[in-house]
Amino acid sequence: MKTFHRKLTIFIAVLIVIVCACSTRGPVPKAEEKSVDQRLPASLSVDKDPGTMVLIPAGHFMMGSDEGQEDERPVHSVYLDAYYIDEAEVTCSRYRHFLTETGYPPHPLWNPEHDRPEDPVVGVSWNDAAAFARWAGKRLPTEAEWEKAARGGLAGKKYPWGDEIDTAKANYDSFGIMPVKSFEPNGFGLYDLAGNVAEWCEDWYSDIYYSMSPGDNPRGPQLGEKKVVRGGAWYNNQEALLIANRYKNAPDLGNFNTGFRCVQSVHPTLAR
Ligand SMILES: [Ca+2]
Ligand SMILES: [Ca+2]
């Protein structure tokens with residue numbers, strides 16, 4: 001009888017352990033996806049170009065707008081792997097460092113006597129921006145990476161902070177460039193996605209790309225004539241600053257309105 005009682009006690013104990021183990025198991029795939037991002041540092045900077053980069057977690061977002069221009073339609077779901085993006089536009093100070101280190105030829109609008117160090121660099125062609133990014137061990141953002149970053153974790157909003165805009169929120173309708181980070185950051189801690197200087201993206205531009213875009217880490221059309229430019233600039237009106245607004249320019253041309261920021265893919269060793 002004693003033996004029977006002992007066996008019964010052991011059986012109940014084992015049963016309790018099994019029940020507890022089962023009840024503490026959460027939804028496994030979701031928990032695993034989250035834990036990869038949780039192991040990554042929230043921000044980092046690289047030695048060559050020590051501007052702060054912010055982690056944008058892996059996941060889906062809705063890209064485009066059904067209320068904007070034809071090339072912003074249709075709104076479609078896009079999944080992106082985690083990546084890091086510069087919190088600010090590349091400054092004159094950062095660009096000067098690149099020129100000094102590499103001997104890369106300065107663009108025609110480069111004017112070190114008059115350029116303030118914390119102003120975003122302008123006058124850079126897409127080729128110049130891509131050369132800077134390569135040197136820094138970074139790259140230009142895909143159009144989807146730029147838009148996800150600009151949305152700051154909000155869904156379906158017109159601007160990086162919401163639907164209303166005024167000149168206390170961004171540099172537009174103004175008389176010139178302002179130092180980076182002159183306005184509040186968005187929900188991801190990123191500055192000046194809307195306004196100040198427009199920003200080069202990696203992708204070739206196509207007005208019909210959204211109707212054929214892959215849903216998983218889209219990289220733009222294979223070929224094109226112009227590169228995507230996003231975010232609007234200091235001289236633009238508020239319509240140009242809409243997150244979904246798409247613009248483009250020839251890759252060998254620079255102007256007074258366009259600069260860039262860089263991204264970096266999550267290094268496999270960091271994600272482990
Ligand atoms: Ca900008
Ligand atoms: Ca447009």
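## A cis proline and the model

Pro 74 sits in the loop that links β3 (59-63) to β4. The peptide bond between Arg 73 and Pro 74 is cis, with omega about -5°. Helices (H or I, at least four residues) and strands (E, at least two) are DSSP runs, numbered from the N terminus.

This is a predicted model, in which local features need pLDDT of at least 70, side-chain atom pairs count only at pLDDT 80 or more, and totals for chains, interfaces and linings use all residues. Residues are numbered from 1 along each chain as its sequence is written, while chains are lettered from A and ligands numbered from 1 in the order in which they are written.

## Overall make-up

The chain has six helices and ten strands. Of its 272 residues, 37% are buried. A buried residue has 20 or more other C-beta atoms within 10 Å of its own; an exposed one has 12 or fewer, and a partly exposed one falls in between, with C-beta atoms placed from the backbone.

Contacts are pairs of residues whose C-beta atoms, placed from the backbone, lie within 7 Å. Among contacts with a separation of 6 or more, 73% join residues 24 or more positions apart.

## The antiparallel sheet

One open sheet has four strands, in the order β1-β2-β5-β10, with antiparallel pairing. Two strands pair if DSSP finds at least two bridges between them. β1 (43-44) and β10 (263-265) are the edges; each has a single partner strand, so one side of each lacks a neighbour in the sheet. Helix α5 (residues 143-151) packs on this sheet and touches β2, β5 (83-86) and β10. The direction of α5 makes about 75° with that of β5. Axes are lines fitted to C-alpha atoms, for helices over the stretch in contact, and angles run from 0 to 180 degrees between N-to-C directions.

β1 and β2 (residues 53-56) are antiparallel and joined by two bridges. Leu 44 stands opposite Met 53 of β2.

The parallel pair is β6 and β9, with two bridges. Ala 198 has Thr 258 in β9 as its bridge partner.

β6 (residues 198-204) and β7 run antiparallel, with three bridges. Trp 204 is bridged to Lys 227 in β7. On the β8 side, four bridges join β7 to β8 (residues 246-249), again antiparallel. There, Arg 230 has Arg 246 as its partner.

Which residues cover the two faces of β7 (residues 227-230)? Lys 227 and Val 229 lie on one side, Val 228 and Arg 230 on the other, and all are buried. In a regular strand, side chains alternate between the two faces of the sheet.

## The nonpolar core

A nonpolar core is a set of buried Ala, Val, Leu, Ile, Met, Phe, Trp, Tyr and Cys residues joined through C-beta atoms within 7 Å. The largest one has 52 residues. Ile 85, Ala 129, Leu 140, Ala 149, Trp 200 and Leu 241 touch the most other members. Elements giving two or more residues include β4 (76-80), α3 (92-102), α4 (126-136) and α5. α4 supplies the largest share, five residues.

Beyond its neighbours within four places in sequence, Ala 129 contacts Val 124, Leu 140, Trp 200 and Phe 260.

## Helix α3

Cys 92, Arg 94 and Tyr 95 are buried in α3. They share one side of the helix because they cover an arc of only 165° around the axis. That arc is taken from the directions from the helix axis to the C-beta atoms. The buried residues of α3 pack against α4.

The face turned away from the buried side carries the exposed Thr 100 and Glu 101. Gly 103 follows α3 and has a positive phi, near 75°.

Most residues other than glycine have a negative phi, and most peptide bonds are trans. Asp 173 is not a glycine, yet its phi is positive, about 50°. Asp 173 lies in the loop between α5 and β6. It counts as partly exposed because it has 15 C-beta neighbours inside 10 Å.

Asn 217, also not a glycine, has a positive phi of about 45°. Its place is the loop between β6 and β7. With 14 C-beta neighbours inside 10 Å, Asn 217 is partly exposed.

Definitions and conventions:
Two residues are in contact if their C-beta atoms, placed from the backbone, lie within 7 Å.
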